[in-house]
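Subject: Structure handover, charged side chains

Hello,

Here is the structure I said I would pass on.

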Amino acid sequence: MGRDAEEVSPPVSSSELEQEDDDDCYLSDQEDDALEESVLQVLEDEHNEDCHWSSSSVITRESLLAAQREDLRKVMELLGLKEHHARTLLIHYRWDVERIFELLDQKGRERLFSAAGVPLQCTNNAGLPSSTEVTCNVCYEDVPPSAASEMDCGHNYCNDCWTEYFIVKINEGQSRRVRCMAPKCNAICDESVIRKLVTAKRPDIAERFERFLLESYIEDNDTVKWCPSIPNCGNAIRVKGDIYCEVECTCGCQFCFNCSLQAHSPCSCMMWELWIKKCRDESETVNWITVNTKPCPKCHKPVEKNGGCNLVACICGQAFW
């Protein structure tokens, strides 16, 4: 019996196969340019993500107060706060105005204020009779209202107790955040009350309090640092952006903003600190060798005399006194 005829495709030559491969792999000039642009764009985007930018500015002692008041004004206007409450917020959040605004949206006003020690509701005792005496819960003395002071948190003590308390805190270096002396009260005391009471008894301590408040803009600020020049020029440097950068003061001092050491790029701060430690240790070793050894006159290696007479022998065989 005959078999059904099968349709057989004609053989494909090698030249035709090569032509098909060329058709599959070939890109037009326009497609090639588009591919090149897309690759370059990806590389540029990755490069921009890896780049860190920063800018610096110098703050002199004369402009320090103006820089501080500018940040205070922003917080006071946005949150409707008094100056000392705005300062309390800024000190707690390291003078980072943008972070305060972000936390306000994330946590809300109540949690934001509570964490910083700002009372949510300020008391107002203007309606109290002037003849009502106040019992101080520290000394247990009854004093007239004029001889007592009440903080925004509502705690009221006599001015003598407040004054002594404030002086102790300022001497302890806590003047930037003096908490109410009531037990378990987290509120920060009104700086105007502190200023008034301390000035009346200890003007020198009050002057120190004012200086601490002013320098808080630098001491408690992650984006501002004193210039480490010697002798100190009194300027500070403020950086916006990446803090891992090198800055230059108007006095000519160049330093790393992150570690406050001399400019050390491209070394990292940790590597530079290890290098300084190594140099310091080697310097101490050299000093000890200089004091406790004597160079061999032949090979010039240091030789230590560890006992016996003054005649010593080097490992090279040379004996000398």
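The side chains of E83 and R69 meet in a salt bridge, with 3.6 Å from N to O. A salt bridge here is a side-chain nitrogen of Lys or Arg within 4 Å of a carboxyl oxygen of Asp or Glu. Because E83 lies in helix α4 and R69 in helix α3 (residues 61-79), the pair ties together parts that are 14 residues apart in sequence. Helices (H or I, at least four residues) and strands (E, at least two) are DSSP runs, numbered from the N terminus. E83 is partly exposed, with a relative accessible area of 28%, and R69 is partly exposed at 45%. Buried means under 20% relative accessible area, exposed over 50%, and partly exposed in between (1.4 Å probe, protein chains only).

Please keep in mind that this is a predicted model: local features need pLDDT of at least 70, side-chain atom pairs count only at pLDDT 80 or more, and totals for chains, interfaces and linings use all residues. Residues are numbered from 1 along each chain as its sequence is written, and side-chain values use heavy atoms, with hydrogens and water left out.

How many salt bridges does a search of the whole structure find? The search finds 12.

Another of these pairs is R94 with D222, whose closest N and O atoms are 3.1 Å apart. R94 lies in the loop between α4 and α5, and D222 in the loop between α9 (203-219) and β6 (224-226), so this pair ties together parts that are 128 residues apart in sequence. R94 is partly exposed at 32% relative accessibility, and D222 is partly exposed at 44%.

K201 forms a salt bridge with E164, and the closest N and O atoms are 2.1 Å apart. This pair links distant parts of the chain, with K201 in helix α8 (residues 191-201) and E164 in helix α7 (residues 159-171), 37 residues apart. Salt bridges that share partners also join R69, E83, R87, E191, R195 and E210 into one network.

Last, the surface. D96, E98, E102 and D105 form a negative surface patch. Patches are made of residues with over 30% relative accessible area and no salt bridge, like charges being joined within 9 Å. Asp and Glu count as negative. D96 sits in the loop between α4 (83-92) and α5 (97-107), and counts as partly exposed because its relative accessibility is 33%.

Regards

Notes:
Patch = residues over 30% accessible without salt bridge, like charges linked within 9 Å, V, L, I, M, F, W, Y side chains within 5 Å. Areas by Shrake-Rupley, 256 points an atom, 1.4 Å probe, with all protein chains shown as cover. Charge placed at Lys NZ, Arg CZ, Asp CG, Glu CD.
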